[in-house]
Amino acid sequence: MTARRRHLVALLLVLAASAAYVGARLDRGWVPHDEGMIGLNAERLLRGELPHRDFDESYTGGLTVLHAAAFRLLGERLMSPRLVLFAVFLAFAAAAYAIAARTLAPAGSALATLVAVAWSFPNYLASMPSWYVLAFATLCVLALLRERDTGRRAWLLLAGLCAGASLLLLVVGLYVVAAALLYLAFAECGSAARRPRGPGRFGFLLFQAAAVAGFLGVLLAVARRSLTPMGLVQLVVPSAAAAAALLVRAWRVRGHASFAERSLALARLAGPFLAGAAVPVAALAAVCAS
């Protein structure tokens with residue numbers, strides 16, 4: 001049996017085990033506040049009211065649209081949003097396996113995926129936005145890795161769609177967008193390092209440093225009021241480390257190509273991604289305007 005076929009068999013077994021484990025718990029763990037908010041917001045949207053205009057919405061608004069669609073298609077019952085979450089969960093599990101399979105054998109990929117499954121959705125199976133952000137962020141990572149493997153810009157568009165969808169469900173989806181842009185800037189440095197040497201220019205390095213400083217400044221401004229030591233460790237330190245890694249790599253390729261050439265190369269990577277991210281946002285705006 002080829003390695004590809006072994007991975008396919010392992011993936012199917014992981015999905016079957018994950019579906020059985022989570023499916024058996026899908027109707028458990030009801031919290032009145034969360035379930036009431038889910039049901040009431042969806043019903044109000046179905047009656048023609050709009051979030052943030054006609055009633056208070058705790059999140060961006062896309063989650064209420066998703067729940068209203070679930071009510072319309074699957075019936076007005078609280079299991080309907082959970083069934084949608086279950087489908088998204090299976091996509092998350094498949095994406096997690098695909099990412100793990102890039103470096104691990106089938107057994108290791110299966111174990112890593114099952115650990116990710118056990119420590120995520122089953123802990124609380126209400127259709128809350130944080131689970132969707134986790135799933136779309138994982139799919140975004142997989143799409144970015146596929147673009148690296150194939151060089152096809154369509155994967156960047158798909159990554160943007162996933163990042164934009166996460167933003168519609170919860171505003172912290174902005175972190176998914178920011179992380180993807182940091183990755184694309186890092187990838188551009190790698191492509192620049194492979195080009196023939198040109199005259200040394202610091203313009204693009206200064207541009208990157210200013211962009212990174214702006215990113216960290218916004219991050220600190222957003223987090224400063226509720227920043228705890230644990231929040232510092234979990235949010236600020238990893239972001240600063242990623243930004244520092246980008247600047248170190250940028251410094252090493254500062255003598256390659258011109259500012260215009262590198263700006264164009266970065267635009268070719270970030271453009272499809274940002275275009276994809278804009279599609280869900282535009283779609284939600286159209287729904288709210290109609």
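**Aromatic pairs in an all-helix predicted model**

A search of the whole structure turns up 4 aromatic pairs. For a pair, the ring centres of Phe, Tyr or Trp (its six-membered ring) must lie within 6.5 Å; planes under 30 degrees apart are called stacked, over 60 edge-to-face, and the rest tilted. Take Phe-92 and Phe-121: their ring centres are 5.2 Å apart and the planes stand at 40 degrees, so this pair is tilted. It links distant parts of the chain, since 29 residues separate Phe-92 in helix H4 (residues 79–100) from Phe-121, which sits in the loop between helix H5 (106–118) and helix H6 (129–150). Helices here are DSSP runs of H or I with at least four residues, strands are runs of E with at least two, and numbering starts at the N terminus.

Before going on, the ground rules. This is a predicted model, in which local features need pLDDT of at least 70 and side-chain atom pairs count only at pLDDT 80 or more, while totals for chains, interfaces and linings use all residues. Residues are numbered from 1 along each chain as its sequence is written, and side-chain values use heavy atoms, with hydrogens and water left out.

Are Phe-92 and Phe-121 buried or exposed? Both are buried, where buried means under 20% relative accessible area, exposed over 50%, and partly exposed in between, with a 1.4 Å probe and protein chains only. The two belong to one aromatic cluster together with Phe-86, Phe-89 and Trp-131. Elsewhere, Arg-82 lies over the face of Trp-30, 3.8 Å from the ring centre. The criterion for that is NZ of Lys or CZ of Arg within 6 Å of the ring centre and within 35 degrees of the ring normal.

Now the chain as a whole. The protein chain has 11 helices and 0 strands. With 290 residues, a compact globule would have a radius of gyration near 19 Å, and the chain has 21 Å, which agrees; the radius is taken over C-alpha atoms, and the globule rule is 2.2 Å times the number of residues to the power 0.38. Along the principal axes, the C-alpha trace spans about 65 × 55 × 40 Å. Of the 290 residues, 40% count as buried. The chain exposes about 15,100 Å², with carbon and sulfur atoms supplying 68% of that, by the Shrake-Rupley method with a 1.4 Å probe. Among contacts with a separation of 6 or more, 74% come from residues 24 or more positions apart; contact means heavy atoms within 4.5 Å.

Ser-109 lies in helix H5 and counts as buried, at 0% relative accessibility. Residues up to four places away in sequence aside, Ser-109 touches His-7, Tyr-97, Ala-100, Ala-101 and Leu-104. Glu-147, in helix H6, is also buried, with a relative accessible area of 9%. Beyond its neighbours within four places, the contacts of Glu-147 include Arg-152, Trp-155 and Leu-269. Trp-251 lies in helix H10 (residues 229–252) and is partly exposed, at 44%. Its C-alpha atom is 16 Å from that of Tyr-183, 68 residues away along the chain.

Last, confidence. The mean pLDDT of the chain is 88, and 92% of its residues reach 70 or more; pLDDT is the predictor's confidence in each residue, from 0 to 100.
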